[in-house]
Every structure is written in structure tokens, then in C-alpha cells.
Amino acid sequence: MANDHIDITVEPGEVHALLGENGAGKSTLMNQLYGLLQPDEGEILVDGEKKVFRSPRDAIGAGIGMVHQHFMLVPVFTVAENIALGAEETRGGPLGFLDRRRNRRDVLEVSKKYGLPVDPDALVENLPVGAQQRVEIVKALTREVDLLILDEPTAVLTPQETEELLAVMRSLAAGGKSIVFITHKLKEVKAIADRITVIRRGRTVATASPDTPEDELASLMVGRAVSLEVDKTPAEPGREVLKISGLIVDDDRGVRAVDGVDLVVRAGEVLGIAGVQGNGQTELVEAVMGLRPPRAGSIKVDNEDLVGMTTKQILRSGVGYVPEDRSLDGVVKEFSVAENLVLDTYDRPPYGNAFRLNPAAIAEGARQRVEQFDIRTSSPDAAVSTLSGGNQQKVVVAREMSRPLRLFIAAQPTRGVDVGSIEFIHSRIVRERDVGTAVLVVSSELDEVVGLADRIAVMYSGRILAIVSPDTPREEIGLLMAGITGAQADVATEVIELVPPAGSAGQTGAESAGEAGPAADGDAEKGTK
Amino acid sequence: MSTATVEDLAEITAPARFWDRQRRLGAGVTLVGVLAIALFGSLAPSATARFTISQDASGAAISINGQFGAYLFGVIALGAGVALLAGVAKRWQTTLLGVGIVAFVLSFLCWQVAGKFLPLVDTASGTLQLAMPLILGALAGVLGERSGVVNVAIEGQFLMGAFGAALVGTMATSVWAGLISAAIGGAIIAAMLAVLAIRFLVDQVVVGIVLNLFALGVTGFLYERLMQPDAQKYNQPPALPTWSVPGLAKIPVLGPVLFESNLLVWLALILVFVIHFGLSRTRWGLRTRAVGEHPVAADTVGIRVRGLRYANVLLGGLIAGAGGAYFTLVATGSFQKNMTSGAGFIALAALIFGRWTPFGALGAALFFGFAQKLATYLSAVGSPVPSQFLNMLPYIATIIAVAGLVGRVRAPAADGQPYVKS
Amino acid sequence: MTTDGPVGAPEQTPPAETPAEGKQPAAAAPAKESPAEDSFLGHFLHNLWSANTVTVTVLSIVLAMVIGAILIIVSDSAVLATFGYITARPSDALTGSWDVVSAAYADLFKGAVFDPAAVSAWLDGSGTWQQAFTPISETLTYAAPLVFTGLSVALAFRGGLFNIGGQGQAVIGTVTAAAAGFTFGLPVVLNLIVALLAGLIGGAAWGFIPGILKARAGAHEVIVTIMLNYTALLFLGWLILQDGVQDPNRTDAISKTVATTAQLPSFGGTLRVNLGIVVAVLVTAAVAWLLNKSAFGFELRAVGANPLAARTAGISVGKTYTMLMVVAGGLAGLGGATQVLGTAYALTPAVAGNIGFDGLLVALLGRNRPWGTLLAAILFGALRAGGNRMQSFSGISLELVTVLQALIVIFIAAPALVKTIFHLRAARSARLGASMAKGW
């Protein structure tokens with residue numbers, strides 16, 4: 001259940017923030033409001049009238065506009081063309097010649113009225129993301145919306161662009177429009193919202209005012225300190241296994257995703273990377289695994305340089321990898337469980353060689369793994385698509401853990417997995433640590449990170465803000481996850497080390513303070529709470 | 001945690017590649033220029049090449065010494081290539097590429113025509129004639145593919161068009177009835193393509209190929225059943241008349257080429273402008289392009305994606321079918337089995353080589369038509385250059401284009417993906 | 001311990017998160033629908049009329065033949081005339097239609113499988129066994145090259161590639177095989193093996209081009225292979241007329257004849273079936289082994305099913321694509337070799353016929369499985385052989401066979417269409433067609 005009896009009201013002229021972590025249910029809620037999903041229960045009232053939205057057209061007709069995280073813009077069109085699409089101004093009657101001048105004029109009118117500078121003749125694909133977002137907003141506004149929903153709008157913006165967007169939102173609200181602003185970033189919420197609804201696990205947890213202290217908001221967002229009861233003995237870390245220095249990685253759009261990361265994982269310890277999805281964790285892990293070339297920096301395992309090696313070589317050299325989205329690139333759904341279990345070892349003895357497979361060995365190996373890892377399947381030859389999510393994940397974990405490892409990397413290891421399998425996977429991860437493997441766990445589930453890790457690195461906006469112990473109060477970790485470093489928050493923290501961003505080594509204190517992430521800019525204006 | 005130490009920072013940024021697109025183009029053109037000089041220049045006899053304005057060999061002509069011309073144009077091509085290698089502003093890139101190709105062709109011609117004559121008017125109008133079905137077929141492809149539906153079945157549409165034109169044209173003793181039937185024939189194949197691809201979500205490439213075979217079989221079958229036994233009743237369509245625009249037809253060179261021709265040629269040329277204008281200036285065009293690039297975005301603003309795709313594919317079928325009429329109403333006077341023999345695929349090549357735009361398709365079709373015309377001319381004058389290699393030109397050019405050797409050739413983003421409303 | 005469980009990350013959860021549960025209701029539903037059909041017969045009939053693979057295939061063939069029948073009727077002027085007065089004497093139209101269609105399809109059968117007259121003649125001594133077996137021999141003769149081109153397309157499909165270039169690869173295969181056949185004067189068995197290998201290598205080289213272009217430049221293999229088809233055809237047309245290739249005793253476009261030592265041996269006389277079909281069966285087994293038991297087969301299947309997962313597991317997608325096109329090209333080249341060394345014996349512009357395009361149809365019909373492709377090739381061979389007889393005896397054009405083949409495949413590829421026409425129930429395993437719906 002993604003939304004569990006959520007009640008929410010939005011007043012005109014109000015900026016209403018929906019605060020929550022990934023998977024809390026915010027986007028699902030808004031997708032129903034925009035007609036992209038149908039609610040199972042409950043009703044939607046607009047201006048007191050009950051409405052049913054079967055498609056975005058209905059929502060637009062009722063005065064609701066939405067700016068998605070993934071823009072609905074045609075890249076090769078100009079701004080004016082995108083905005084005009086579907087509601088074009090034409091002349092010449094049935095022939096429908098586009099009235100370029102009127103279309104442009106409409107764009108400029110709205111743009112001026114709301115203070116959203118856009119160039120009607122620019123090609124969307126050439127625009128920076130912030131400008132594209134403005135185009136989406138103008139597009140919604142030209143259709144006379146009263147309620148504008150913005151889904152994680154600042155996820156893709158630079159600090160400067162974020163400031164501009166917040167200003168726009170203020171002016172729109174002042175003009176009588178209502179805005180619903182979905183985010184996980186605390187400081188923005190406090191800067192702009194008139195009311196805050198915190199959603200966690202599909203339920204409304206609280207409705208707060210922006211005066212609420214940050215740590216209270218953070219704990220509402222991530223939950224009270226509950227320990228994940230993972231049975232483990234204290235870690236005995238050994239040599240440095242994985243050493244990442246000054247890593248810089250770009251994402252698919254060429255935007256910097258990992259912005260100077262230093263990290264060390266030792267043998268026999270679990271390093272957990274906490275943070276909301278989309279702060280560079282994905283790209284970091286992909287760079288380590290050779291799936292994404294880094295722009296700069298080094299990645300070494302036992303002093304062997306991994307950068308430049310193929311993924312196959314990296315896997316062979318004793319690195320295990322559980323990717324974050326098993327249905328995307330973790331398992332081959334059409335293959336059997338047995339085949340998936342040898343997806344990266346099929347051409348190595350005993351499962352096979354460079355020419356042929358050894359079906360008997362594969363079958364025997366599968367039988368053993370199914371038993372060892374408690375994989376619930378009708379048979380090792382059943383297609384993996386017949387397994388539940390948890391069991392599919394166990395297949396991936398079994399696959400990776402079935403060979404000698406120096407380093408084990410698991411991204412979102414229990415996403416979409418049932419309770420029983422979660423416990424099992426967690427216990428195997430700890431077991432791997434106990435035999436001396438260096439373990440790196442990336443998870444947006446704070447419970448998981450706190451339970452598993454011996455050290456926690458919090459990642460925000462491509463940088464490691466701090467590395468803390470798992471005993472740290474959750475509110476503090478929540479703050480870090482939302483971009484507020486210990487130096488700014490007015491809370492005592494037990495911080496192991498506060499990591500200055502890479503590249504600032506040798507710079508003056510003033511500069512490095514200025515570089516300590518976007519959190520610094522926003523907070524400097526606000527002052528302390 | 002350690003702070004970043006200087007020695008650990010390894011810069012792995014990709015250096016600006018030396019062999020970027022412009023340099024690769026330049027290298028290609030330079031090679032081509034060298035080839036022209038070395039091969040054409042040295043082989044060309046030192047006789048006069050005459051490019052005659054009128055039909056007879058002794059009339060007014062542009063003359064140039066064959067060997068000199070071959071060398072000259074080879075050097076020009078080489079120059080263009082070297083300029084590209086050295087690096088020029090981006091806007092000159094296409095021009096230089098064009099100059100290089102044209103110079104190469106001229107060098108080649110100087111070699112081949114040395115000691116003989118090439119009737120310019122005949123060549124030009126023959127080119128236009130040969131290009132006409134290619135233009136129409138490519139335009140049909142433009143309509144479909146810009147909306148996101150891959151159309152490999154142009155060949156089948158040609159065949160049905162040719163057959164329909166012959167059959168109905170003969171039975172009704174009317175060229176116009178034949179022309180209309182040709183369009184309908186193409187539309188039938190297009191309808192099958194549309195339904196199978198859009199409604200039943202069958203893979204569009206597979207559907208196209210199978211429809212080609214289907215059309216081949218049906219037309220061949222009906223040909224053998226009806227036309228072969230009784231050609232007079234079924235297979236003697238009247239020819240499409242050649243019309244002359246009074247006054248304009250008298251312009252030297254251009255006049256006879258452009259203004260003394262048949263309806264289909266004019267239709268093709270007019271359609272190029274109409275479709276270009278339509279795609280870029282009308283609401284229909286904007287929506288079509290949106291549907292082909294980002295159907296989800298189009299859907300969210302209220303555009304009927306599937307309906308638009310159906311309409312465009314059918315319209316394309318009408319146009320391609322009309323193009324098919326060329327084979328039976330213009331080129332020959334009757335239908336033969338499999339008479340299109342791959343022309344539909346050259347039209348597809350023109351579409352791709354022309355980058356899915358009407359004018360690009362026109363240019364590519366003219367280029368390919370010229371290659372075909374040249375092949376006929378060369379075999380007529382007994383040239384050692386084999387005509388088959390000239391006929392390969394459209395295909396090889398398209399491969400080069402698609403392999404990114406002359407830059408990225410990008411289909412509409414949603415081309416080939418059936419739209420499933422989620 | 002409060003863990004997340006299914007509630008934790010619903011938004012990122014892939015759909016159908018509990019497919020195990022999803023399966024059971026679906027399985028339960030048909031059983032619930034008809035409690036009276038608990039018997040074996042009931043189950044069998046029930047499954048028969050659901051849209052499983054076999055049913056759809058059979059019904060597709062039936063549908064195609066119905067449409068073919070309509071074409072036959074419509075193009076027969078005598079029968080058409082009877083329809084002119086159908087209201088007055090319907091029996092004329094009906095018997096006329098029935099006669100012409102049944103004669104045509106009977107000929108199809110007699111030409112492809114066996115002719116009862118010839119068989120009884122053989123049994124009672126007035127005819128030879130060769131005559132009785134000629135239809136089957138014809139079927140297998142036509143089928144043999146199609147097996148290779150079909151395997152070429154099927155294997156490529158399994159790896160996620162569209163090999164539309166089977167025709168061009170086969171053509172190059174005929175060229176290299178024939179050239180080897182009339183150039184090297186090797187002793188009997190060796191010459192044949194070398195010629196076959198030459199055909200394979202030629203096709204493989206022609207397949208390498210789209211493979212490497214796809215791996216390195218991302219060039220779509222459909223476009224490249226289609227263009228190469230026509231390039232190969234033109235090249236063949238030119239090559240035949242060159243000195244050294246053209247038959248010195250002829251002025252028309254035909255090459256030198258392949259040495260008898262390089263020809264695929266056959267039974268002789270009316271039995272044209274040659275060793276090619278045996279090689280085809282062996283190669284089918286080899287391809288089945290390659291696909292299912294070899295490391296390369298594992299890689300290509302993984303890449304075909306989920307290239308991202310393959311890549312994450314370390315498999316090089318580019319290398320797999322290249323290698324796959326080489327193998328596929330080689331298979332098609334073998335098909336061309338079989339054609340020229342088995343029946344044609346010399347190069348002509350049309351020596352490769354339509355085997356490449358037919359191979360595409362055969363692969364689709366065979367669901368891209370090796371043995372299925374073999375069976376489909378035999379079916380197509382049967383249609384061709386029968387079509388020949390249908391043409392000679394009933395006067396129905398051979399082109400009808402092309403129409404039938406295309407229709408069968410259209411229906412196979414659009415199982416939804418067949419389902420709608422026959423109101424079939426959706427079966428659990430109705431996973432049909434090569435619908436890797438992608439474009440350029």
C-alpha cells in the first residue's frame with residue numbers, strides 16, 4: 001500500500017510542502033491528483049467539488065498542473081513549441097498554421113507575469129535543467145492552473161537555481177496560486193513552506209509549521225530511533241581494501257553526480273552509505289564496478305587500480321556486486337534460477353570454461369545455493385520471473401557471495417523485499433564481514449544502514465558530508481541526509497570525522513566553509529533556529 | 001578518512017579527441033580527393049569533355065579538357081578535405097563536405113565524358129524522373145517515421161501501386177483512374193502496417209518485411225492469373241502524359257527539365273514543399289513531430305497519439321502508392337512481377353540519408369537518381385566503370401551515414417516504439 | 001525490529017512484486033470456470049481452444065489457407081462467372097469454388113508429401129520408388145537452404161539482433177562457395193568441404209560488417225543489413241560477367257559450373273534431395289548446442305534477454321553482438337552454399353532466390369528455436385514443392401505460396417489477431433512472436 005488513508009488539504013495562496021523520504025508515498029499521492037494513477041479509496045475535492053481524474057487532461061481541466069521530476073518536454077522543440085503543444089494558437093482556419101507570434105507572445109506574457117524568464121526560441125535540449133524546469137512551470141501556468149504540484153523540483157538544480165525557484169514559488173503563492181512542493185530537503189522546506197505535511201511509509205505522520213525545529217522534522221521524516229536488531233559482534237577491521245580518492249563522476253546528462261569523494265573500506269567492516277536516492281550513490285557504485293568511467297580520481301582495491309578495468313575483470317578480482325535495481329540489471333528474468341546464479345561465473349570452472357558450460361556442475365551448484373540461501377522456488381530450473389522479489393534478490397546475493405571475495409558491494413540490498421528475506425540477507429552480509437571481506441552497503445533505508453554498518457558515511461549532493469558511528473542519534477543522521485552538516489546544526493553530534501569536500505585540501509578555511517555544500521548557502525541566510 | 005592527497009588524484013578526463021567528426025570527415029574527403037587526382041586524373045584521356053546544353057553533340061556546350069578537369073576538381077576536393085582536417089568553423093562543415101562530394105563527382109565525370117558528350121538536359125530530366133518514385137516513397141516514410149512508425153514496407157506499397165495503376169488503368173482506360181488506384185493500393189498495405197503495428201503491437205520492422213513479401217506474392221499471383229493470359233484486358237495502361245508549362249518550358253536547361261514533365265514529378269516536388277511546410281508550420285506538423293519524439297508528453301497535453309499515427313501512415317501509403325504508379329504509367333507501359341526490384345529500399349535509404357526531412361529526402365533521392373542515370377549513361381557509352389557499382393552507391397552511402405561516419409543520423413526518438421497507454 | 005517490507009519502498013518496487021501469488025489465481029481461474037471439465041478430455045479440449053502456441057500456429061495456417069482459397073476463387077474467371085448468378089443457382093458457385101480450391105490444395109499436398117497415385121503405382125510395380133518419393137525429395141531440397149537462413153535469423157533474434165541481411169549473406173555465400181567450387185581442383189570430399197567452408201566464411205564476413213558497426217558505432221543492424229543485401233546482389237550481378245568467373249562458353253549471365261567434386265551428392269534422377277539436408281540437420285543440432293550448452297550461447301541469450309544485466313555481470317555486449325553477426329552471417333552463407341552446390345551448380349543473378357527473406361519467415365514461424373526453425377523450413381519447403389505442382393497441374397501461380405507464407409507469418413506474429421478472430425481464451429503461456437518491439 002503506497003498511500004494509507006492520507007488526508008491533506010491545500011489552501012489557496014499556500015505553499016504546502018510534502019516532506020518524506022524515498023518511497024514514503026509522496027509521488028504516488030500526487031500522481032493520483034494528476035490523473036496518472038487511480039485511487040482505490042477516498043475522494044478528491046477541488047473547490048469543494050468532487051472530481052475524478054482519469055487522465056492528466058482531466059486534472060488540467062480542473063486547474064491542476066504538475067511539474068514532474070522527469071520533464072514532459074520534447075527535447076528537439078523550442079520552448080514556445082513545447083508550451084504551445086496541445087493548445088496551439090493557430091490561424092488560417094482548418095489548415096491550422098501555427099501562429100508563431102501569438103504563441104511567443106503568450107509565453108512571454110506568462111513569463112513576465114510570474115517572473116520566470118524563458119527564451120521562447122531556445123531549443124529545450126540546449127537548456128540547463130533549471131531553465132527546462134521553468135519552461136515546465138510556464139507551460140502549466142499558461143493553462144490557467146490554480147494548483148501547481150512540483151515533484152522534487154530541486155533535485156536537479158544548482159543552489160543558485162534553487163534560490164531562483166524558491167523566489168518564483170513565493171511570488172506565485174502571493175498571486176493566489178496554491179503550490180504543493182514535494183521534497184526531502186529540510187532547509188528548503190523551512191525556507192518556503194507555509195505548512196508542512198510529513199509522510200512516512202504511506203501515512204501522514206504530522207502536519208507541521210515551518211517553525212518546527214529541524215531535528216524534529218528530521219526525526220518525523222525518518223522515524224524515531226529504532227534499532228535494527230541485527231545480530232553482530234563488534235567489527236575487527238583489518239587492512240584497507242577499498243580506497244577511493246578524489247572521485248568525480250558525471251551522470252548520464254553530464255551533470256556532476258559524485259563531486260570529490262574519499263572513502264576507505266577495511267577488511268572485516270561494513271561501511272554504510274546513507275542518503276536519499278539521487279545524491280550520487282548510484283554513480284559512485286557504478287564507477288567502482290567499471291560501469292561508468294570517472295572523470296577524475298582513483299579507485300583501488302588492495303592497491304590495484306580498478307579504473308580502466310572491465311567489469312568482468314573487476315568481478316573476477318574478487319569484488320561482489322548486488323546492483324540497486326534487480327529487475328533492471330540484476331537478474332535476467334527469462335533465465336532460470338540456476339542460470340542466473342552463474343551469470344558472472346558461467347565461463348569459469350567448475351561451471352564451465354571459455355567454450356562450454358557444465359550443466360551438471362551448474363545444476364549442482366544451484367541446488368546447493370538454493371538450499372544455503374533459502375531461495376523459495378519450485379525448482380532451480382524455474383524462471384526467475386516466477387520468484388518473489390525477496391527471493392530474486394537472494395539469487396543475486398547468492399550469486400555474488402558464492403565466490404571468494406575481497407570486497408562486497410550491495411546497493412539497496414533489501415528494496416522491495418519481504419521481511420523474512422531481509423533478515424536473511426542482512427545476516428549473510430554480516431557473515432561476509434565476519435570472514436574478513438570488506439563490505440560496502442549503500443541504502444536509502446536508514447534503519448538498514450544503522451543496523452548493518454560499523455561506520456556510516458552520509459552522502460548528500462555528491463559528497464560525503466560526514467562519517468558517523470551507528471550510535472549517532474537518528475535525528476542527526478536525518479539532518480545530514482537532508483544536507484545540513486553538523487557544523488551548522490545546533491545539536492551535539494558524535495562525529496567521527498567531518499569530511500571536507502575533496503579539492504579543498506590546501507584551501508583556506510573560509511573557502512572550504514563556502515564549499516561545504518549547498519547547505520551552507522541557505523543556512524547562512526537564515527541564521528540559527 | 002583521509003583527505004585527498006595530491007598524488008592520488010589522477011586525471012582521467014577524456015582529452016578532446018583528435019579524430020573528432022570534422023577531422024574524420026576531412027580525412028574522408030581528402031582521401032576521396034587524392035583518389036580523384038590519382039585515378040581519374042591519370043586515367044583521363046586528354047580529350048575534350050563536352051557537356052551539351054541541347055540534345056545534339058555539336059550544339060552549345062560547356063567544354064573542358066577531360067584530364068585537366070579531372071585534376072582540377074580532384075584538387076578542389078582535396079582542398080576541401082584538407083580544410084576540414086585543419087579545422088574550420090562548424091557552419092562551413094556541411095558546405096565543405098558538399099563541395100568535396102560535388103568536386104569528386106565532377107572529376108569523375110570529366111574522366112568519363114572525355115572525348116564524348118553528356119547531354120545535360122537529358123541527364124537532368126532523367127535524374128528527376130528516376131528520382132520521382134524515390135521522393136514519393138521517402139516522403140511516405142517521412143510521414144510515418146516522424147510520427148514514430150517505422151515503414152520498411154515502401155517496396156510493397158510501390159508494388160501494389162504499380163499493379164493497381166496497371167490493372168485499373170487498363171480496365172478503365174484512364175490514366176487518372178490508374179493513378180488513384182495506385183494510391184489506394186499503397187494505402188491498403190499502409191493500413192495493414194498501421195493496424196498490425198499500432199493496434200497489435202507487432203514489431204514494425206518485421207511487419208514491414210512480411211508485408212513486402214505479401215505484396216510481392218499478391219501482385220505476382222494476380223499478374224499470372226489475370227495479366228499474363230490477357231494483357232490487353234488487364235495490363236496495357238495508358239501512359240501518363242507529359243505536359244509543358246507554356247513559356248517557362250523555354251528557359252534554357254531548367255525549362256525542359258522542370259517544366260516539361262508529368263504530373264507525378266510535379267506532385268513529388270510540390271509535396272516536398274507541402275510536407276516540409278506542414279511539418280514545421282502547422283499544428284498538425286507540431287503534433288506529429290511531438291508524437292514521434294515524445295509520445296508520452298504529447299499524450300499528457302491531450303493529443304491522440306494513436307489516431308495521429310494511423311492518419312499519417314495511411315497518408316504515407318497513398319503517397320507511396322502514387323509513387324508506385326511511376327513504374328507502370330511512366331517508366332514502362334505494363335506491370336511485370338517484382339518490377340520495383342528494390343526501389344522501395346532505395347527510397348528508404350533516401351529517407352535515412354536525408355535525415356528524415358522532406359528536403360533531405362529530396363536531395364538524397366536526386367543524388368541516388370543521378371547515380372542511376374549515370375549508370376545508364378555510362379553503360380550506353382561503353383565505359384569501363386561497371387554500372388553495378390554506381391547502383392550500389394545509395395546503399396553504401398546510407399551505411400556510411402548510419403555508421404556515424406558523417407555525423408550522427410538520428411531517427412525521431414520514439415520511432416518504432418508502439419505507444420502503450422499505461 | 002521494524003523493517004520496511006513491502007510497504008517500505010512501494011514506489012520503486014517493480015510491478016507484480018509477488019508474482020508467485022499472481023500465478024496461482026491465474027491457474028485457479030480456468031479450473032474454476034468449468035468444473036465440469038475436470039476430466040482429462042475436458043482439460044485437453046480446454047487447452048486446445050486456448051491461445052497456446054500450437055493452436056495459434058495451426059489456426060494461422062488454416063486462416064491463411066482460407067484467404068488463399070478466396071484468392072484462387074477470385075482469380076478464376078470461370079468460377080467468378082458462376083458467382084454472377086449465385087442467387088439463381090448457388091450450387092454452381094459453391095461446387096465451382098470447391099472444385100478449384102480443393103484441386104489446388106490437393107496438388108499442393110501431392111507435390112509436397114506424396115501422390116497416392118504414384119505410391120500405389122510403386123506398390124503394384126508399375127512405378128518406381130523414386131517417383132513415389134519425389135515429392136518428399138522436392139520438399140527437402142527446397143527446405144535445406146531455408147534451414148540455414150532460418151537458423152541465421154533465429155540465432156540473431158535470440159541475441160537481440162535483427163538479421164534482415166540473410167539474403168545478402170547467402171548471396172555472398174553462393175559467390176565464395178561457387179568460386180571455391182570451380183577454382184580449386186581438389187579431390188572429391190575435400191573439394192566439397194572446402195567449398196562449403198568458403199560459403200560459410202563469405203557469409204560470416206558479410207555479417208561481420210553490421211556486427212562491428214553496431215558494436216562500435218551503434219549503427220542499427222536492420223538498416224545496415226538491408227543495404228548490404230542489395231549491395232551483395234549488385235556485386236553478384238557484376239561478378240558473373242567478369243572474366244574468370246563467367247562461363248566462357250556462354251554469353252548470358254551465368255558463371256562457370258562448379259566442379260562435380262564440389263557438388264553436394266544427391267540420389268540422382270528425379271530425386272534432387274542432396275546431402276544439404278543432412279548437413280542442415282547436423283547444423284541445427286550444432287546451433288542448438290551452441291545456444292544452450294556453450295558459453296557463447298549463454299552470453300548471447302543473456303544479452304538478448306537483458307543487455308543491462310549482462311553488462312553488469314561482466315559480459316561484453318559489443319563483442320557478443322559482433323560475434324553473433326559473424327556466426328549468423330556464416331549460417332546464411334552456408335545456406336547460399338547449399339543452394340549453389342546442391343541445386344544450382346553455377347552462379348546466376350537469381351541463384352539465391354529468396355532464401356534470405358524466406359529464412360526470416362521461417363525463423364518467426366519456428367519461434368526462433370533451432371528445431372522449430374528446422375520444422376518451419378520443412379513446412380516452407382513443402383509449400384514450395386507443392387506449389388510447383390499446383391502451378392503445373394492446376395495452373396495456380398506459384399506466387400500464391402508466397403502469399404500463404406506471408407499470411408501465416410503475419411498471423412503468427414500477431415497472435416492477438418488470431419485470438420480475436422477465433423475468440424480464443426488467453427493462455428498462460430501465450431508468449432508468441434518475435435515482438436522485441438523496437439525501431440531504429
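Q: Why is Ala302(C) called buried?
A: This is a predicted model, and in it Ala302(C) has 26 C-beta neighbours inside 10 Å. A residue is buried if 20 or more other C-beta atoms lie within 10 Å of its own, so Ala302(C), with 26 of them, counts as buried.

Q: Where in chain C is Ala302(C) found, and which residues does Ala302(C) touch?
A: Ala302(C) is found in helix α13 of chain C, which covers residues 295-305. Leaving aside residues up to four places away in sequence, Ala302(C) touches Ala309(C), Ala310(C) and Ile315(C) in chain C, and Val332(A), Phe335(A) and Leu343(A) in chain A.

Q: How far apart are Ala302(C) and Leu146(C), in sequence and in space?
A: These two residues are 156 residues apart in sequence, and their C-alpha atoms are 26 Å apart in space. Two residues are in contact if their C-beta atoms lie within 7 Å, whereas the 26 Å given here runs from C-alpha to C-alpha.

Q: What makes up the secondary structure of chain C, and how much of chain C counts as buried?
A: Chain C comes to 19 helices and two strands, and 54% of its 440 residues count as buried. Among its contacts between residues at least 6 apart in sequence, 74% join residues at least 24 apart.

Q: How do you know what confidence the predictor has in chain C, and where is the pLDDT below 50?
A: pLDDT is the predictor's confidence in each residue, from 0 to 100, and for chain C its mean is 82, with 85% of the residues reaching 70 or more. Over residues 1-37 of chain C the pLDDT is below 50, although this stretch has 55 contacts in the model beyond near neighbours in sequence. The pLDDT also stays under 50 over residues 427-438 of chain C, for which the model has 33 contacts beyond four places in sequence. The model as a whole scores ipTM 0.81 and pTM 0.81.

Q: What makes up the side of chain B that touches chain C?
A: The contact joins 43 residues of chain B with 44 residues of chain C. On the chain B side, α7 (204-227), α14 (343-353) and α16 (387-402) each supply at least two residues, and the largest share, 16 residues, comes from α7(B). By class, this side of chain B has 29 nonpolar, ten polar and four charged residues.

Q: Which domains does chain B have, and how far apart are their centres?
A: The domain assignment of chain B gives domain 1 (21-115) and domain 2 (120-402), and 31 Å separate their centres, taken over C-alpha atoms. Their contact takes six residues from domain 1 of chain B and eight residues from domain 2 of chain B. The side of domain 1 of chain B that touches domain 2 of chain B has two nonpolar, four polar and no charged residues.

Q: Which domains does chain A have, and what makes up the contact between domain 2 and domain 3?
A: The domain assignment of chain A gives domain 1 (15-212), domain 2 (228-318 + 405-529) and domain 3 (322-403). The contact takes 17 residues from domain 2 of chain A and 15 residues from domain 3 of chain A. On the domain 2 side, β17 (407-411) and α15 (419-434) of chain A give two or more residues, and α15(A) gives the most, with five residues.

Conventions
Residues are numbered from 1 along each chain as its sequence is written. Chains are lettered from A and ligands numbered from 1 in the order in which they are written. This is a predicted model: local features need pLDDT of at least 70, side-chain atom pairs count only at pLDDT 80 or more; totals for chains, interfaces and linings use all residues. Helices (H or I, at least four residues) and strands (E, at least two) are DSSP runs, numbered from the N terminus. Ala, Val, Leu, Ile, Met, Phe, Trp, Tyr, Cys and Pro count as nonpolar, Asp, Glu, Lys and Arg as charged, and the others, Gly among them, as polar. A residue is buried if 20 or more other C-beta atoms lie within 10 Å of its own, exposed if 12 or fewer, and partly exposed in between; C-beta atoms are placed from the backbone. Domain bounds come from an automatic or database domain assignment.
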